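Morning, everyone. I have one model to go through today, so please have the sequence and the structure open.

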Amino acid sequence: MTDDKVYPASKPPGVVSSGATTKPTFPATKAQLYSANRPAYRPPPAARRRTHSRGCCCRCCCWTIFVIILLLLLVAAASAVVYLIYRPQQPTFTVSSLKVSSLNLTSATHLATAISLSVVAKNPNKNVGFSYDVTDITVYKVDDDVVIGKGSMASFVHGEKSTTLLKSTVGSPTGDLDEVSAGKLKGELKGKRGVAVKIVLDTKVKVKMGSVRTPKAGIRVTCEGIRVVAPTGKKATTAVTSSAKCKVDLRFKVWKFSF
């Protein structure tokens, strides 16, 4: 009779001698291998703000504005001082005479004009003088601003407290009139009241105040309240200018002095 020996079974996986169990191990997956080789994520450093350059720009703008304001204040103060010292006044102009030698339509739309014009210019200032360029003269019909004459006056110097007589001849306008304007003018020339006109003088002037001289500026003189009558023969007709009034529009920059 043989002895039957009982051999203990081998320990199952995960069982230790003390009775505790361990987790089974498995081979690493592809994801785990990729994570192990990938370097750790490090956030990029924050960009530095360019506060220094912005501060310089702000300071430059502030200084520029300050300098501009300071210059404007200095100019205003200098202008006020000059005005208080010299008290400049505008010159005055008056139409002293206006004689019409010719004012008639030689064709349906062509106007022939010949006018002798005299203007008196007065400078009321004691210490202020004016120097005028060549003056352009334009004669308009009042109701529709149709040009009926063109001319010019020579340049002249207007000294302190002086009166100057300016003379010129106004000729025909450049180009013909349109049919409507020519028809209206023809009807008014035949009437007894004549044609209401205004005279416009355009030029440039320099102002002298002691040793101070301004640059050239525009000046416009507009004279209204004049009626002209066309002559019927060779003798010129004289317009009534006693009620004529001239308005002076003088614009000059006193802040650009030349000494």
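Start in the loop between strand 6, residues 156–158, and strand 7, residues 162–170, which is where Lys161 is found. This is a predicted model, so every value I quote is computed from it. Lys161 has a positive phi of about 50°, although it is not a glycine. Buried or exposed, then, for Lys161? Its relative accessible area is 57%, and the cut-off for exposed is over 50%, so Lys161 counts as exposed.

There is another residue of this kind. The loop between strand 4 and strand 5 contains Asp145. Phi of Asp145 is near 55°, again a positive value in a residue other than glycine. With a relative accessible area of 43%, Asp145 is partly exposed.

Now to helix 3. The helix covers residues 179–190, twelve residues. At 1.5 Å a residue it should span 16 Å, and the C-alpha atoms at its ends are 17 Å apart, which agrees.

At the N-terminal end, helix 3 is capped by Asp178. A side-chain oxygen of Asp178 lies 3.2 Å from the backbone nitrogen of Val180.

Which residues of helix 3 are buried? They are Ser181, Ala182, Leu185 and Leu189. Looking down the helix axis, these buried residues fall within an arc of 95°, so they line one face of helix 3. On the face turned away from that buried side, you will find the exposed residues Glu179, Val180 and Lys190.

What covers the buried residues of helix 3? The cover includes strand 1 at 92–105, strand 2 at 111–123 and strand 4 at 135–141. It also includes strand 5 at 146–153 and strand 8 at 195–209.

Last, the chain as a whole. The protein chain has three helices and twelve strands. It has 259 residues, and 29% of them count as buried. Taking contacts with a separation of 6 or more, residues 24 or more positions apart account for 67%. The accessible surface of the protein chain comes to about 18300 Å², and carbon and sulfur atoms make up 59% of that.

That is what I have. Questions are welcome.

Definitions and conventions
Residues numbered from 1 in each chain as written. Predicted model: local features only at pLDDT ≥ 70, side-chain atom pairs only at ≥ 80, totals over all residues. Heavy atoms only, no water. Helix = DSSP H or I, 4+ residues; strand = E, 2+ residues; numbered from the N terminus. Expected span 1.5 Å × (residues − 1). Buried < 20%, exposed > 50% of the residue type's maximum accessible area, 1.4 Å probe, protein only. Arc of directions from axis to C-beta. Contact = heavy atoms within 4.5 Å. Polar contact = N/O pair within 3.5 Å; in protein donor to acceptor, adjacent residues only side chain to side chain. Areas by Shrake-Rupley, 256 points an atom, 1.4 Å probe, with all protein chains shown as cover.
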